[in-house]
Amino acid sequence: MDQHPTWRKSTYSGNLTECVELAVGVDGPAVRDSKLGESGPVLRLDAAAFASFLDAVKAGRHDR
């Protein structure tokens with residue numbers, strides 16, 4: 001992952017601070033908790049794992 005990745009959150013989040021952020025770098029996609037920011041852990045995924053995760057989210061398999 002880049003030393004200073006560009007993190008972004010969904011436009012559906014509005015101005016909320018409790019979101020999941022995404023950065024895509026040369027090592028693949030990464031996600032983090034926006035309220036923890038730079039001090040929080042970063043989950044790095046390969047492209048196939050990230051695609052599978054997105055499919056599950058879209059299908060509602062991670063809804064509470």
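This is a predicted model: local features need pLDDT of at least 70, side-chain atom pairs count only at pLDDT 80 or more; totals for chains, interfaces and linings use all residues.
The protein chain holds four strands and one helix, and from the N terminus on its elements follow the pattern β-β-β-β-α.

**The chain as a whole**

- The protein chain has 64 residues, and 31% of them count as buried.
- Taken along the principal axes, the C-alpha atoms fill a box of roughly 35 × 30 × 20 Å.
- The accessible surface of the protein chain is about 5,100 Å², and carbon and sulfur atoms account for 53% of it.
- If you look at contacts between residues at least 6 apart in sequence, 16% of them join residues at least 24 apart.

**The sheet**

- Strands of a sheet pair through backbone hydrogen bonds, in a parallel or an antiparallel way.
- Here, four strands make up an open sheet in the order 1-2-3-4, with antiparallel pairing.
- Strand 1 (8-9) and strand 4 are the edge strands, and each of them pairs on one side only.
- Which strands form a hairpin? Strand 2 and strand 3 do, with two residues between them.
- Strand 2 (residues 20-25) and strand 3 run antiparallel and are joined by six bridges.
- Within this pairing, Val20 stands opposite Asp33 of strand 3.
- Strand 3 is also joined to strand 4 (residues 43-44), by two bridges, and these two strands run antiparallel.
- You can pick out the partners of strand 4 by name: Val31 has Leu43 as its bridge partner, while Ala30 stands opposite Arg44.

**Charged pairs**

- Side chains of opposite charge can pair when their charged atoms come close.
- How many salt bridges are there? The count comes to three.
- Arg32 forms a salt bridge with Glu21, and their closest N and O atoms are 2.7 Å apart.
- This pair links distant parts of the chain, since Arg32 belongs to strand 3 and Glu21 to strand 2, eleven residues apart.
- Are the two partners buried or exposed? Arg32 has a relative accessible area of 11%, which is under the 20% limit, so Arg32 is buried. Glu21 is at 13% relative accessibility and therefore counts as buried as well.
- Arg32 also meets Glu38 in a salt bridge between side chains, at 3.2 Å from N to O.
- Lys35 counts as exposed because its relative accessibility is 52%, whereas Asp33, at 26%, counts as partly exposed.

- A pair of aromatic rings is described by the distance of the centres and the angle of the planes.
- The count of aromatic pairs comes to one. The pair is formed by Phe50 and Phe53 and is tilted, with 6.3 Å from centre to centre and 35° between the planes.
- Why are Phe50 and Phe53 separated by about one helical turn? Because they are three residues apart in helix 1.

- Leu54 is located in helix 1 (residues 47-58).
- Is Leu54 buried or partly exposed? Leu54 counts as partly exposed, because its relative accessibility is 32%.

Terms used. Residues are numbered from 1 along each chain as its sequence is written. Side-chain values use heavy atoms; hydrogens and water are left out. Buried means under 20% relative accessible area, exposed over 50%, partly exposed in between (1.4 Å probe, protein chains only). Two strands pair if DSSP finds at least two bridges between them. Contact means heavy atoms within 4.5 Å. Accessible areas come from the Shrake-Rupley method with a 1.4 Å probe; for residues, only the protein chains shown count as cover. A salt bridge is a side-chain nitrogen of Lys or Arg within 4 Å of a carboxyl oxygen of Asp or Glu. Rings of Phe, Tyr and Trp (its six-membered ring) pair if their centres lie within 6.5 Å; planes under 30 degrees apart count as stacked, over 60 as edge-to-face and the rest as tilted.
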